[in-house]
Amino acid sequence: MTTPILDFVRAYAAGSSVRAHMPGHKGRPFLGFEPMDVTEFTGADSLLHPEGIIAQSEKNASELFGAHTFYSTEGSSHCIRAMVWLTVKLSRILGRAPLIAAGRNAHSTLTAAAATLGAEVLWIPPEEHESYLSCNVTAEKLEKLFAAAEVKPSAVYVTSPDYLGNITDIAPLARVCHENGAILAVDNAHGAYLKFAPGMTHPIDAGADICCDSAHKTLPVLTGGAYLHVSPSAPVLLHDDARAALNLFGTTSPSYLILASLDGANAYIADGFSEKLRALSEKISEMKARLSSLGYVFCGDEPTKLTLDAKAYGYRGDGLGAMLEEKGVICEFFDPDFTVMMLSCENRGEDLERIEQILGETEKRDAHASPPPGYRALKKAMPPKDAMTALSIELPVDECLGRVLASVRVGCPPAVPIAVCGEVIDCHAIECFKYYGVTHCKVL
């Protein structure tokens, strides 16, 4: 498969042209990558209005994913904002209220985008036993939601895979959405590789109308490289206005290093990637089986993600994660309950062997009996936009009882808010904040 962007920047880097254009480093190798760090000039095309090498590269990606695929150099957060804008515009054109039903484990960008664009969010709660990072949205739940709603949502938004590796069955959700005149949007940030993994299904193939993939999370792409995919069967507006939506929220100076890595990923995917994934998935499955025999408990469905229920082995997730890091295994994420490691085809066999050796040598203890605090719905005092833009004060969480949350303070990972702006903080919310290490909140 061709790599027009990568070929262009490599050829330019090897040339002797006077760089009378941005950026200011002029290709001098202060860090080493500068010769390939270019900007829009003749021949380089433009991500905002691609007609040349970027258009060719996006066409290659579209063929690989079986969708209308658009590049982002600002991660899936950029694409989420675009998805919300498209949902709002489609709703208004159809004369409907822009109401989005969303799993409560949505990335914080969803809340901010909905508030900014005037969309209401109807939260789908997780099961009582679920971590706040998970929310098992089923077709049965959606059918009940649509049947009970005075105003039917114009879109449903789910996160799959979630941070713990749980994958939602997208096909029945798409059916329910389409039967009720709604579109299905999926935050597939962790699942770009699922299109090519054995036994897995990409959201677009399963019936989603639109989704985002963070290419950099699971493919050999620089941080910030992402895709916005629109299904060929989705309402035509989603495709026609996707570029406008991305341009509305995106920079006018996209990184050509990231664009080149997205372009290079097309050739990487086309050249035996499925076979590499199959081999990796088999190795990980075999490793999980051996570790399970020692007493480890794994969560989630993703074939390349290791999510350990640390308490089942007698440890806290953050304790097990810290122990792994001390021994040279840097984890993706850990909290009091789970330790998460994300692997890819670029992890070598010795990486897996090292992880297995460390875990195998770790003594099993009696299981922790303390479950995480379950989800309880919080009272909504005002729209998120009003809370986000109001005068606020930062207080220790113990002093926030009864106050209205003004700012979502969650880092990434996992960037999933425990409470949402405009909600009233109660005793259970304070318990959750403390459990997950949140010490201060901005409140009204």
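Which residue in E14 does Leu-395 stand opposite? In this predicted model, Leu-395 stands opposite Cys-441 in E14, and the strands concerned belong to an open sheet of 3 strands, arranged in the order E12-E14-E13 with antiparallel pairing. The edges of this sheet are formed by strand E12 (393-396) and strand E13 (405-407), each of which pairs on one side only, while the twist from one strand to the next averages 55 degrees. Strand E14, which spans residues 440-443, is joined to E12 by 4 bridges, and the two run antiparallel.

A further open sheet is built from 4 strands in the order E8-E9-E11-E10, again with antiparallel pairing. Strand E8 (298-299) and strand E10 (333-334) are its edge strands, each pairing on one side only. Helix H11, comprising residues 273-292, packs on this sheet and touches both E8 and strand E9 (305-309), with its direction making about 15 degrees with that of E9. Helix H12 (residues 317-326) lies across E9, E10 and E11, and runs at about 45 degrees to E11. Between E10 and strand E11 (residues 338-342), which run antiparallel, there are 2 bridges, and Phe-333 stands opposite Val-340 in E11.

Methods. Residues are numbered from 1 along each chain as its sequence is written. This is a predicted model: local features need pLDDT of at least 70, side-chain atom pairs count only at pLDDT 80 or more; totals for chains, interfaces and linings use all residues. Side-chain values use heavy atoms; hydrogens and water are left out. Two strands pair if DSSP finds at least two bridges between them. Axes are lines fitted to C-alpha atoms, for helices over the stretch in contact, and angles run from 0 to 180 degrees between N-to-C directions. Contact means heavy atoms within 4.5 Å.
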